[in-house]
Amino acid sequence: TIPAGVLPGTGSADVKKPQVRPKGKMGGSAFLSSANVGLRVLIDKFKQELSNRGAHGFIGLQRKFRIMDDDGSKSLNMAEFKKGMKEMNINMSDSELRVLFDHFDVDRSATIDFEEFIQGVRD
C-alpha cells in the first residue's frame with residue numbers, strides 16, 4: 001500500500017510549510033496600526049469638538065456641514081473645511097486637517113459631500 005499523500009515515484013510524504021516572518025517596525029501592519037491610531041485620535045477629537053459646539057445627532061451634523069459649505073455646492077473643499085474648523089475653534093495643524101479631510105474624502109474627489117461627512121464621523 002502507498003501511504004496517504006505519496007504518489008508513486010515522488011519520494012517521501014514530507015511537506016514543507018512556508019515560513020512566515022514577523023513584520024518589522026516599519027513593515028506592514030505595525031505601520032498601518034500606528035497610522036490608524038493617529039487617525040482614530042483625530043476623528044475622536046473632531047467628534048468631541050462638534051459635540052461641544054452643539055452638533056448632536058444627524059440634524060446637528062447637517063447644520064454644521066451647511067454652515068461650513070460657503071458656496072452652497074453641497075460639498076466641502078479643503079479651504080471650506082479648514083475655514084469651518086477654524087471658525088469652530090477646532091485647533092488642528094495643517095497636516096492633521098489634511099489627514100482628517102482625506103479620511104472623509106472617500107471618493108478622492110478633493111471634496112467632501114454630506115454622505116462622506118456623515119460616514120466619516122460615524123467611523
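Tutor: A residue is called buried when its relative accessible area is under 20%, exposed when it is over 50%, and partly exposed in between. By that rule K82, with a relative accessible area of 37%, is partly exposed. The model is a predicted one, and the values below are computed from it.

The setting comes first. The protein chain holds 5 helices and 2 strands, which follow one another from the N terminus in the order α-α-β-α-α-β-α. Of its 123 residues, 30% are buried. The chain exposes about 8600 Å², and 56% of this is supplied by carbon and sulfur atoms. Among contacts with a separation of 6 or more, 51% are between residues 24 or more positions apart.

Side chains of opposite charge can pair when their charged atoms come close. The cut-off applied here is a side-chain nitrogen of Lys or Arg within 4 Å of a carboxyl oxygen of Asp or Glu. By this rule the count is 5 salt bridges, and the following account takes up those that involve helix 3, which spans residues 78-87.

K82 pairs with D94, with 3.1 Å from N to O. This pair links distant parts of the chain, as K82 sits in helix 3 and D94 in helix 4 (residues 94-104), 12 residues apart.

The neighbouring topic is K83. The side chain of K83 forms a salt bridge with that of D70, at 3.1 Å from N to O. Here too distant parts of the chain are linked: D70 belongs to the loop between helix 2 (57-68) and strand 1 (75-77), whereas K83 belongs to helix 3, and 13 residues separate the two. D70 has a relative accessible area of 46% and is therefore partly exposed. K83, at 39% relative accessibility, also counts as partly exposed.

K83 has a further partner in E87, with an N to O distance of 3.4 Å. Both residues lie in helix 3, and because they are 4 residues apart, about one helical turn separates them. E87 has a relative accessible area of 48%, so this residue is partly exposed.

Taken together, D70, K83 and E87 are linked in a network of salt bridges.

How values were computed
Residues are numbered from 1 along each chain as its sequence is written. This is a predicted model: local features need pLDDT of at least 70, side-chain atom pairs count only at pLDDT 80 or more; totals for chains, interfaces and linings use all residues. Side-chain values use heavy atoms; hydrogens and water are left out. Buried means under 20% relative accessible area, exposed over 50%, partly exposed in between (1.4 Å probe, protein chains only). Contact means heavy atoms within 4.5 Å. Accessible areas come from the Shrake-Rupley method with a 1.4 Å probe; for residues, only the protein chains shown count as cover.
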